[in-house]
Amino acid sequence: METRLQRAAHLLDVPHLVVFTGAGMSKDSGLDTFRDADGVWSRNAPEDYASPEGFRRNPRAVWRWYLERREQILAAEPNAGHKAVAALEQLLPRVTVITQNIDGLHQRAGSRRVLELHGSVHRYKCSKNCRGVSTLTPTPELDQTEPLPCPYCGALTRPDVVWFGELLPAEVWKAAVREILACEAVLVIGTSGQVEPAASLVWYARGRGKSLVEINPAPTLINDIAEVVLPGTAAEMTPALLAALAALHAAD
Ligand code: APR
């Protein structure tokens, strides 16, 4: 009798795999998710800290909030789940990570192809987008409690992350759609699937007949379209899935 893990491994043993991740991926690194009972939004109002209006109302508070999150993220380490995702690249010809996370932990774990749909807390940009791209990398001067003026136009700088009501970076979105269209299977880890347009990529993949496996310790909106749901944490289930895939290749 094939186990759930073995069935998942067969579905994901493909030439081109997309791994779609959310905040649950980093929970085992000590970083809170957003919508769990102890999540970020249980303590902070997203309209105050993750919206252009909130930044306009109180840029210092928003800047300081992201500085605190960046410090937590820099103190965190990639967990066994991030490392297992990176290790998939040793087994499969092409692995692309499409993440909603802004923490950069996939890259620190060794994943080489990572699309950050919601930007990165490790980059700043001009709040007026004067150069159209994220033009500033953190420096000791920038990592202060006050947003500094953009060196190009003098407007305030801000984290290069996507806030509610903002468009996703066009080039990243186009690349993500291309990867979803080109892949044969999607592994979804640690997302509630509630935030658009990011989550629509998962439904789009399923609609185009891609295999779909989900890792999550709790029920989500994605359960109904996943062929296999592995009920567990990223740090437990992803290494187990990697081992099941490696066993398939060892048997070759
Ligand atoms: N391992 C895997 N998944 C976990 C773990 C864990 N250890 N702990 C919790 N989860 C799951 C939860 O069950 C939930 O389904 O992670 C998911 C987190 O969901 P959200 O908090 O909604 O985070 P996410 O789906 O990434 O949110 C998407 O919303 O606020 C915006 O920009 C923010 O990128 C974020 C987006």
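**Reading the model, feature by feature**

Modeller: Asn129 has a relative accessible area of 38%, so Asn129 counts as partly exposed, and please keep in mind throughout that this is a predicted model. The residue sits in the loop between β4 and β5.

Colleague: What is the phi of Asn129 near?

Modeller: The general idea is that most residues other than glycine have a negative phi, and that most peptide bonds are trans. Asn129 has a phi near 50 degrees, which is a positive value in a residue other than glycine.

Colleague: Which peptide bond is cis?

Modeller: The bond from Glu196 to Pro197 is cis, its omega being near 0 degrees, and Pro197 has its place in the loop between β6 and α9.

Colleague: Turning to another loop residue, is Asn79 buried or exposed?

Modeller: Asn79 lies in the loop between α5 and α6, and because its relative accessible area is 6%, where buried means under 20%, Asn79 is buried. Apart from neighbours within four places in sequence, Asn79 is in contact with Met25, Ser26, Asp28, Ser29 and Ala235. The C-alpha atoms of Asn79 and His106 are separated by 9.4 Å, although these residues are 27 apart along the chain.

Colleague: How should I read a helix, for instance α5, and which of its residues are buried?

Modeller: An α-helix has 3.6 residues a turn, so residues three or four places apart point the same way. Helix α5 covers residues 59-75, and its 17 residues reach 24 Å from the first C-alpha to the last, close to the 24 Å expected at 1.5 Å a residue. The buried residues of α5 are Pro59, Val62, Trp63, Trp65, Tyr66, Leu67, Arg69, Arg70 and Ile73, and the elements covering them include α3, α4, α7, β4 and β5.

Colleague: What do the buried residues of α6 pack against?

Modeller: Helix α6, residues 80-91, has 12 residues and reaches 17 Å, close to the 16 Å expected at 1.5 Å a residue. Its buried residues are Gly81, His82, Ala84, Val85, Ala86, Leu88 and Glu89, and they pack against β1, α2, β2, α7, β6 and α10.

Colleague: At roughly what angle do α6 and α10 cross?

Modeller: Two packed helices are described by the angle between their axes and the distance between the axes. The axes of α6 and α10 cross at roughly 20 degrees and come within 7 Å, and because angles under 35 degrees count as roughly parallel, that is how these two helices are described. The crossing is left-handed. On the α6 side the contact involves Ala80, Gly81, Ala84, Val85, Ala87, Leu88 and Leu91, which meet Ala234, Ala235, Thr238, Pro239, Leu242, Leu245, Ala246 and His249 in α10. By class, this contact has 12 nonpolar, three polar and no charged residues.

Colleague: How do α1 and α10 pack?

Modeller: Helix α1, residues 4-12, packs with α10, residues 234-251, at an angle of about 70 degrees, with the axes 9 Å apart, and α1 and α10 are therefore roughly perpendicular to each other. Their crossing is right-handed. Leu5, Ala8, Ala9, His10 and Leu12 of α1 make the contact with Ala240, Leu241, Ala244, Leu245 and Leu248 of α10. By class, the contact of α1 with α10 has nine nonpolar, one polar and no charged residues.

Colleague: And how does Ala247 count by its relative accessibility?

Modeller: Ala247 is also found in helix α10, and at 46% relative accessibility Ala247 counts as partly exposed.

Note on methods
Residues are numbered from 1 along each chain as its sequence is written. This is a predicted model: local features need pLDDT of at least 70, side-chain atom pairs count only at pLDDT 80 or more; totals for chains, interfaces and linings use all residues. Side-chain values use heavy atoms; hydrogens and water are left out. Helices (H or I, at least four residues) and strands (E, at least two) are DSSP runs, numbered from the N terminus. The expected span of a helix is 1.5 Å times one less than its number of residues. Buried means under 20% relative accessible area, exposed over 50%, partly exposed in between (1.4 Å probe, protein chains only). Contact means heavy atoms within 4.5 Å. Axes are lines fitted to C-alpha atoms, for helices over the stretch in contact, and angles run from 0 to 180 degrees between N-to-C directions. Angles under 35 degrees count as roughly parallel, over 145 as roughly antiparallel, 65 to 115 as roughly perpendicular and the rest as oblique. A crossing is left-handed if the near helix is turned anticlockwise from the far one by less than a right angle, and right-handed if clockwise. Ala, Val, Leu, Ile, Met, Phe, Trp, Tyr, Cys and Pro count as nonpolar, Asp, Glu, Lys and Arg as charged, and the others, Gly among them, as polar.
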